[in-house]
Amino acid sequence: MSAEPIRARQALSAACARLRQAEIETADAEARLLLAWAWEFDVKSLSLTLLSDPAVPDDVAQRLEEGLARRAERVPVQHITGRAAFRHLDLAVGPGVFIPRPETELLAQWGIDFLRSRPRGSRRVLDLCTGTSVLALSVASEVGATSATGVELSPSATRWAKANIENHVPLLSRCGSQCAVIQADALQFIPESPVDLVVSNPPYVDRARQPNLPEVDADPEIALYGGGEDGMDFPRALIAHAAEIVVGGGALAVEHAEYQVQQMRAAFADAGFEQVEVHRDYTGRERFTTGFKPHEETHVAAL
């Protein structure tokens, strides 16, 4: 007699158990992602499928098994599925580009709120060290009439960024925004005219503080380590550069580690930014800093 086919709910339960055994912290959520990927569903469609609890086709079961085996070896789930969710975006990811993290969503939200306070024609954005183009795409697709440019040094990451922008052209068109990526050194790139907002998730990790996690090792080093004794060499240079290319009244938002708050405040102040504020992520950690460039004073000669 042939074995009874495994049902959808049973497959999900077994996948959860498998990932828990592998000490995956978000085992339940990732098991759903992998089952949806194996079945070529989105997560919402998978939830509807689970209601009827059909038998899992053999090819789906085999694909799920392969995905679970790779995840148990600590291959990032995003590299297995080839996708990363960020706000409303569905981003293509893989080796050679930094995987966007949920905590960066709040930096994107701050930039979106700032741009919405600006009139049309004053929504020019640079995303320095853009990676997948995640911040540039987020602000351009959620704020109408935005012109966003991502700047990325890595050729591999630039290819991922271009692919993601192309995949979201219909979304950009609906809100009348533009988004592009340029392969260049973020510390050297000069836009044709000053921009209203610079956002960045730059390399900032201090090697001495970096936990030994296989998933982190999957990210390219160029996107991780900021250099110097505190990981701040690159962020300090980026903040100083941003001060030269932001208009008066414009803003800068930079992600960092929770242990770099004082250094970031000092770097923003040294570059001339005002109203410097540190913001917390979803877990309550202080993870990005914002500041505004003052308007140029008008000096009137004494009569």
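**Aromatic pairs**

Trp110, Phe114 and Phe292 are linked into a cluster by ring pairs; rings of Phe, Tyr and Trp (its six-membered ring) pair if their centres lie within 6.5 Å, and planes under 30 degrees apart count as stacked, over 60 as edge-to-face and the rest as tilted. The model is predicted: local features need pLDDT of at least 70 and side-chain atom pairs count only at pLDDT 80 or more, while totals for chains, interfaces and linings use all residues. Residues are numbered from 1 along each chain as its sequence is written, and side-chain values use heavy atoms, with hydrogens and water left out.

The structure holds 5 aromatic pairs. One of them joins Trp39 and Phe41, which is stacked because the ring centres are 5.3 Å apart and the planes are at 20°. Trp39 has a relative accessible area of 12%, so this residue is buried (under 20% relative accessible area; exposed is over 50% and partly exposed in between, with a 1.4 Å probe and protein chains only). Phe41, at 30%, is partly exposed.

Trp110 and Phe114 also form a stacked pair, 5.9 Å centre to centre with 5° between the planes. Both residues lie in helix α6 (residues 104–116), 4 residues apart, about one turn of the helix; helices are DSSP runs of H or I with at least four residues, numbered from the N terminus. Trp110 is buried because its relative accessible area is 16%, and Phe114 is buried at 8%.

How values were computed:
Helix = DSSP H or I, 4+ residues; strand = E, 2+ residues; numbered from the N terminus.
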